[in-house]
Amino acid sequence: QVQLVESGGGLVQAGGSLRLSCAASGRTFNSYAMAWFRQAPGKEREFVAAISRSGGSTYYADSVKGRFTISRDNAKNTVYLQMNSLKPEDTVVYYCAAGPVVAIRGYEYHYWGQGTQVTVSS
């Protein structure tokens with residue numbers, strides 16, 4: 001069992017930056033691939049970024065490539081999402097997820113956080 005808690009969301013102006021963190025419980029954090037997804041009200045969940053168990057491989061949605069960076073610190077049981085050059089369309093709730101393999105589909109991930117709201121003003 002893994003519990004995930006996101007933090008770092010908030011309000012920022014367009015062009016600004018935020019760093020989201022996702023802290024995981026348990027001793028087996030490095031056994032899980034990690035990912036960030038986002039979801040707007042009434043819309044489907046959208047893949048944002050994923051990172052392998054070692055952190056050696058990362059994957060990004062085209063919409064965030066070059067602006068967002070996913071990373072992890074296995075010693076701290078934490079995964080991060082550095083978000084730069086934020087746009088109003090990035091305004092949604094962001095969720096972190098843990099699963100056995102790196103994937104872009106949400107159903108591949110077994111554990112989810114509660115989400116953190118990011119709001120980008122124009």
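Student: Which residue forms a disulfide with cysteine 22?

Tutor: Happy to start there, and do keep in mind that this is a predicted model. In general, a disulfide is a covalent bond between the sulfur atoms of two cysteines. Here the partner of cysteine 22 is cysteine 96, and the two sulfur atoms are 1.9 Å apart. Cysteine 22 belongs to strand E3 and cysteine 96 to strand E9, so the bond ties together parts that are 74 residues apart in sequence.

Student: How many disulfides does a search of the whole structure find?

Tutor: The search finds one. You can also read its handedness: the torsion about the S-S bond of cysteine 22 and cysteine 96 is about 45°, so this disulfide is right-handed.

Student: Is cysteine 22 buried or exposed?

Tutor: A residue counts as buried under 20% relative accessible area. Cysteine 22 has 0%, so it is buried. Cysteine 96 is buried too, with a relative accessibility of 0%.

Student: Why is strand E3 largely enclosed by the rest of the structure?

Tutor: Count its buried residues. E3 spans residues 18–24, and five of those seven are buried, so the strand is largely enclosed.

Student: Let's turn to the sheet. What is the order of the strands in the open sheet of four?

Tutor: The general idea is that strands of a sheet pair through backbone hydrogen bonds, either parallel or antiparallel. In this sheet the order is E1-E3-E8-E7, and the pairing is antiparallel. E1 and E7 are the edge strands, each with a single partner, so one side of each has no neighbour in the sheet. From one strand to the next, the twist averages 15°.

Student: Which residues stand opposite each other along E3?

Tutor: Take E1 (residues 4–7), which pairs with E3 over four bridges. Glutamate 6 faces cysteine 22 across that pairing, and serine 7 stands opposite serine 21. On E8 (residues 78–83), which is joined to E3 by six bridges, leucine 81 lies opposite leucine 20.

Student: Which residues touch the most other members of the largest nonpolar core?

Tutor: Among its 37 residues, those are Leu4, Met34, Trp36, Leu81, Met83 and Tyr94. Strands that each supply at least two residues of this core include E3, E8 and E9.

Methods: Residues numbered from 1 in each chain as written. Predicted model: local features only at pLDDT ≥ 70, side-chain atom pairs only at ≥ 80, totals over all residues. Heavy atoms only, no water. Buried < 20%, exposed > 50% of the residue type's maximum accessible area, 1.4 Å probe, protein only. Pairing = 2+ DSSP bridges. Core = buried A, V, L, I, M, F, W, Y, C linked by side-chain atoms within 4.5 Å. Axes fitted to C-alpha atoms, helices over the stretch in contact; angles between N-to-C directions. Disulfide = S-S within 2.5 Å.
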